[in-house]
Amino acid sequence: MRVSEAINSRRSIRVFKPDPVPQSDIEWIIASASRAASNGNLQPWKLYVTMGKARQRLSTAILKAMDDGDKGPGA
């Protein structure tokens, strides 16, 4: 596939199903991502995974902050 074909056939879906993602899928995604190249092999990322009640609390806090006009760090 050419880069132009990939760009032109790209889709962005912003409606998510309510079904929980199986933990095995999450673990596979994390393991795969941890092997991705980074600029200068710095690996400058941190990863936080939340599920269940913790995810719900985080989602509620983020939505409230957005409703209150908080644009986040560096806005």
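Me: What radius of gyration does the protein have, against the value for a compact globule of 75 residues?
Reply: This is a predicted model. A compact globule of 75 residues would come out near 11 Å. The C-alpha atoms here fill a box of roughly 45 × 30 × 30 Å along the principal axes. The radius of gyration of the protein is 17 Å.

Me: What percentage of the 75 residues counts as buried?
Reply: A residue is buried when its relative accessible area is under 20%. The protein exposes about 7,500 Å², and carbon and sulfur atoms supply 59% of that area. The buried share of the 75 residues is 1%.

Me: In what order do the elements run from the N terminus?
Reply: The protein has three helices. It has zero strands. From the N terminus on, it reads α-α-α.

Me: How far apart are the end C-alpha atoms of helix α3?
Reply: Helix α3 covers residues 52–67, which is 16 residues. At 1.5 Å a residue, α3 should span 22 Å. The model agrees with that, with the end C-alpha atoms at a distance of 23 Å.

Me: Which residue just after α3 takes a positive phi?
Reply: Helix α3 holds residues 52–67. Just after α3, the phi angle is about 90 degrees at one residue. That residue is Gly69.

Me: Which residue forms a salt bridge with Lys64?
Reply: The structure holds two salt bridges. In the one made by Lys64, the closest N and O atoms are 2.6 Å apart. Lys64 is exposed, at 52% relative accessible area. Its partner, exposed at 54%, is Asp68.

Me: Which residues make the nonpolar surface patch of about 380 Å²?
Reply: One member, Trp45, lies in the loop between α2 (23–33) and α3. Trp45 is partly exposed, at 41% relative accessibility. A patch residue needs over 30%, so Trp45 passes that cut-off. The patch is made by Trp45, Leu47, Val49 and Met51.

Technical notes: Residues are numbered from 1 along each chain as its sequence is written. This is a predicted model: local features need pLDDT of at least 70, side-chain atom pairs count only at pLDDT 80 or more; totals for chains, interfaces and linings use all residues. Side-chain values use heavy atoms; hydrogens and water are left out. A salt bridge is a side-chain nitrogen of Lys or Arg within 4 Å of a carboxyl oxygen of Asp or Glu. Buried means under 20% relative accessible area, exposed over 50%, partly exposed in between (1.4 Å probe, protein chains only). Helices (H or I, at least four residues) and strands (E, at least two) are DSSP runs, numbered from the N terminus. The expected span of a helix is 1.5 Å times one less than its number of residues. Patches are made of residues with over 30% relative accessible area and no salt bridge: like charges are joined within 9 Å, nonpolar side chains (Val, Leu, Ile, Met, Phe, Trp, Tyr) within 5 Å. Accessible areas come from the Shrake-Rupley method with a 1.4 Å probe; for residues, only the protein chains shown count as cover. The radius of gyration is taken over C-alpha atoms; the globule rule is 2.2 Å times the number of residues to the power 0.38.
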